Amino acid sequence: MAGRNLFASFSGKTVLVVDDSDMNNSVIKTILERYGMNVVVAQNGADALQKFSESDLFAISAILMDISMPVMDGREAARQIRALDRKDAAAVPIIAVTASVEPCDKSEIFDCGMTDFLTKPIVPEVLCDALTRSLNQA
């Protein structure tokens, strides 16, 4: 698998995976862990904000953020993460994970501070490409 070599360069990096679906979290976690990545799971945007806030500086290499979640949606979570008074808050890649990416959705995704997007269902090679783009820009 071509993605395997790319994921090897991510070994030991930590990704915060945020989705209210246990199934989606499990699938993404399995893919990332298969290639040596550490995964922290959050169930909604508020949980993600708390986990990012409590993490060590630069400990989280990227965030995969679902858009539609209860408690706090992904857009608001991205805005609040970007507003944190932390050196890593402005730089951490936040990749939207969404079931629909219409043109209006894309502008909203970038306007709230997200850096890229993936559509569901997650394809491992596409996930790898998004992480490669995001981590090389960070």
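The model is predicted: local features need pLDDT of at least 70, side-chain atom pairs count only at pLDDT 80 or more, and totals for chains, interfaces and linings use all residues. Residues are numbered from 1 along each chain as its sequence is written, and side-chain values use heavy atoms, with hydrogens and water left out. The protein has six helices and five strands. Helices (H or I, at least four residues) and strands (E, at least two) are DSSP runs, numbered from the N terminus.

**Overall fold**

- Along the sequence, the elements follow the pattern α-β-α-β-α-β-α-β-α-β-α.
- Of the 138 residues in the protein, 47% are buried. Buried means under 20% relative accessible area, exposed over 50%, and partly exposed in between (1.4 Å probe, protein chains only).
- The protein exposes about 6700 Å², and carbon and sulfur atoms supply 51% of this area. Accessible areas come from the Shrake-Rupley method with a 1.4 Å probe; for residues, only the protein chains shown count as cover.
- Among contacts between residues at least 6 apart in sequence, 65% join residues at least 24 apart. Contact means heavy atoms within 4.5 Å.

**Nonpolar cores**

- In soluble globular proteins, nonpolar side chains tend to be buried together.
- A nonpolar core is a set of buried Ala, Val, Leu, Ile, Met, Phe, Trp, Tyr and Cys residues joined through side-chain atoms within 4.5 Å.
- The largest such core has 22 residues, and Ile63, Met65 and Met114 have the most contacts inside it. The elements that give two or more residues to this core are E1, H3, E3, H4 and strand E4 (94-98).
- Another core, of 20 residues, lies apart from the largest one; Leu32, Tyr35, Met37 and Leu127 are among its members.
- Leaving aside neighbours within four places in sequence, Met65 is in contact with residues including Val18, Ala48, Ile81, Val97 and Met114.

**Helix H3**

- Helix H3 covers residues 45-54, and its buried residues are Gly45, Asp47, Ala48, Leu49 and Phe52.
- The cover over these buried residues includes strand E1 (14-18), strand E2 (38-42), strand E3 (62-66) and helix H4 (74-83).
- At the start of H3, a side-chain oxygen of Asn44 comes to within 3.0 Å of the backbone nitrogen of Ala46.

- Asn25 sits in helix H2 (residues 22-34) and is buried, with a relative accessible area of 3%.
- The side chain of Asn25 reaches the backbone oxygen of Asp19 at 2.8 Å. This is a polar contact: a pair of N or O atoms within 3.5 Å, where within protein one must be able to donate a hydrogen and the other to accept it, and residues adjacent in sequence count only if both atoms are side-chain atoms.
- Ser134 belongs to helix H6 (residues 124-137) and is buried at 4% relative accessible area.
- Ser134 and Thr115 are 19 residues apart in sequence, while their C-alpha atoms are 7.3 Å apart in space.
- Cys112 is buried, at 3% relative accessible area, and Cys128 is buried at 0%.
- The whole structure has zero disulfides, a disulfide being a pair of cysteine sulfur atoms within 2.5 Å.

**Salt bridges**

- The structure holds nine salt bridges. A salt bridge is a side-chain nitrogen of Lys or Arg within 4 Å of a carboxyl oxygen of Asp or Glu.
- Asp19 and Lys120 form one of them, at 3.1 Å from N to O. Asp19 lies in the loop between E1 and H2 and Lys120 in the loop between strand E5 (116-119) and H6, so this pair ties together parts that are 101 residues apart in sequence.
- Asp19 is buried at 2% relative accessibility, whereas Lys120 is partly exposed at 25%.
- Asp116 and Arg133 form a salt bridge of 2.7 Å, N to O. Asp116 lies in strand E5 and Arg133 in helix H6, so the pair ties together parts that are 17 residues apart in sequence.
- Asp116 is buried at 10% relative accessibility, and Arg133 is partly exposed at 40%.
- Salt bridges with shared partners join Asp19, Asp66 and Lys120 into one network.
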